[in-house]
Amino acid sequence: MENWRQILKKPYFNKELFFYEKSHYLRNGISLTEILKLSENPQEAALSDQLLVGWSLSDAMATMNLFKIREIHLIRLAEETGDLAGAFERISQSLKEERLFREKIIGILIYPALLLAATVVFFIGALYYILPPLKEMLSTLEVDNMLLSSLYKFQLSIPMPVLSTALFILIYASVKVLQRKKVFRYLVFGKKWVEHEEMTFINELYLLLKGGVDLMEALHLLEEGGSSCVKLREGIQEGKSLTESLQQGEYSN
């Protein structure tokens with residue numbers, strides 16, 4: 001119980017806002033330690049404390065379990081090149097694009113989800129509150145309907161709490177399955193999900209290369225992040241051109 005209270009009390013860390021705000025402060029010549037002191041967020045305060053004792057920003061970020069590997073690597077490169085504001089700006093833009101895309105997908109799925117929920121509620125209500133008096137009325141008129149009779153027997157054999165619980169468990173399990181990225185994207189994009197995965201990979205690769213990361217190192221980072229680019233990396237290691245390696249990795253034309 002205490003763990004749940006701690007989780008609920010833990011303030012939300014808006015990563016996109018963090019990178020966006022800090023990029024503007026850095027552009028205006030304010031040091032990062034001064035920026036972090038202005039914040040009341042405990043995560044940023046923890047970053048500030050680690051910087052004050054001599055940690056680099058990338059090392060401090062790596063201990064917080066809030067940032068992706070590619071983000072930490074871009075910050076590490078920016079510390080070496082001195083373009084920390086540019087790295088913050090690029091990361092914030094990438095996070096903004098991800099958020100907008102996610103919001104569009106959620107917006108698309110809200111209507112079907114509400115429609116499905118309303119259908120389930122109506123089905124349970126009709127089965128347990130409308131069907132019994134309807135069946136009784138038809139019986140007095142000596143009218144027999146096979147479908148209504150079957151539903152009535154089903155309603156008698158399974159109490160409403162049992163059916164409601166079973167449907168709740170089924171919906172919960174479905175939501176858990178949909179939380180898997182590949183299943184969710186396949187449901188939204190259909191057969192086009194492979195192309196979407198490819199474009200997401202290319203976009204992340206572009207972001208790393210633009211930040212100054214070496215091609216092989218960028219592919220390694222993306223592989224650690226869950227992208228499948230083994231064939232692409234192997235092709236380049238064998239001395240093939242990037243185009244030939246992409247063809248070997250079965251990327252689209």
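A: Here is a walk through the second largest pocket, then a few places beyond it.

Keep in mind that the model is predicted. Start with the whole chain. The chain holds 14 helices and 0 strands. Read along the sequence, its pattern is therefore α repeated from end to end, α-α-α-α-α-α-α-α-α-α-α-α-α-α. Of its 253 residues, 30% count as buried. Take the contacts in the chain with a separation of 6 or more: residues 24 or more positions apart account for 47% of them.

The largest share comes from α2, with 5 residues. What kinds of residue are these? By class, the lining has 1 nonpolar, 4 polar and 4 charged residues.

Look at the numbers of the lining residues again. An α-helix has 3.6 residues a turn, so residues three or four places apart point the same way.

Glutamate 71 sits in helix α6. Is glutamate 71 buried or exposed? Glutamate 71 counts as buried because its relative accessibility is 0%, and the cut-off for buried is under 20%. Its neighbours, leaving out residues up to four places away in sequence, are Lys15, Phe19, Ile91 and Leu95. A polar atom of its side chain also lies 3.0 Å from the backbone nitrogen of lysine 68.

Asparagine 65 is found in the loop between α5 (57-62) and α6 (69-81). Its phi is near 55 degrees, a positive value in a residue other than glycine. Asparagine 65 counts as exposed because its relative accessible area is 75%, and the cut-off for exposed is over 50%.

Glutamate 34 is placed in helix α3 (residues 32-38). With a relative accessible area of 48%, glutamate 34 is partly exposed. Its side chain makes a polar contact with the side chain of serine 31, at 3.1 Å. Serine 48 is 14 residues away from glutamate 34 in sequence. In space, the two are 8.4 Å apart, C-alpha to C-alpha.

Finish with helix α13 (residues 230-237). Which residues of α13 are buried? They are Leu232, Arg233, Gly235 and Ile236. These residues cover an arc of only 160 degrees around the axis, so they are on the same side of α13. What covers them? The cover includes α11 (193-210), α12 (215-224) and α14 (242-248). After α13 comes glycine 239, with a positive phi near 95 degrees.

Definitions and conventions: Residues are numbered from 1 along each chain as its sequence is written. This is a predicted model: local features need pLDDT of at least 70, side-chain atom pairs count only at pLDDT 80 or more; totals for chains, interfaces and linings use all residues. Side-chain values use heavy atoms; hydrogens and water are left out. On a 1 Å grid over the protein atoms alone, a cavity is a set of points where a 1.4 Å probe fits but cannot get out, and a pocket is an open set with protein on both sides within 12 Å along at least five of seven lines; lining residues have an atom within 4 Å of a point. Grid points are joined across faces, edges and corners, and a volume is the space filled by probe spheres set on the points. Helices (H or I, at least four residues) and strands (E, at least two) are DSSP runs, numbered from the N terminus. Ala, Val, Leu, Ile, Met, Phe, Trp, Tyr, Cys and Pro count as nonpolar, Asp, Glu, Lys and Arg as charged, and the others, Gly among them, as polar. Buried means under 20% relative accessible area, exposed over 50%, partly exposed in between (1.4 Å probe, protein chains only). A polar contact is a pair of N or O atoms within 3.5 Å; within protein, one must be able to donate a hydrogen and the other to accept it, and residues adjacent in sequence count only if both atoms are side-chain atoms. The arc is that of the directions from the helix axis to the C-beta atoms. Contact means heavy atoms within 4.5 Å.
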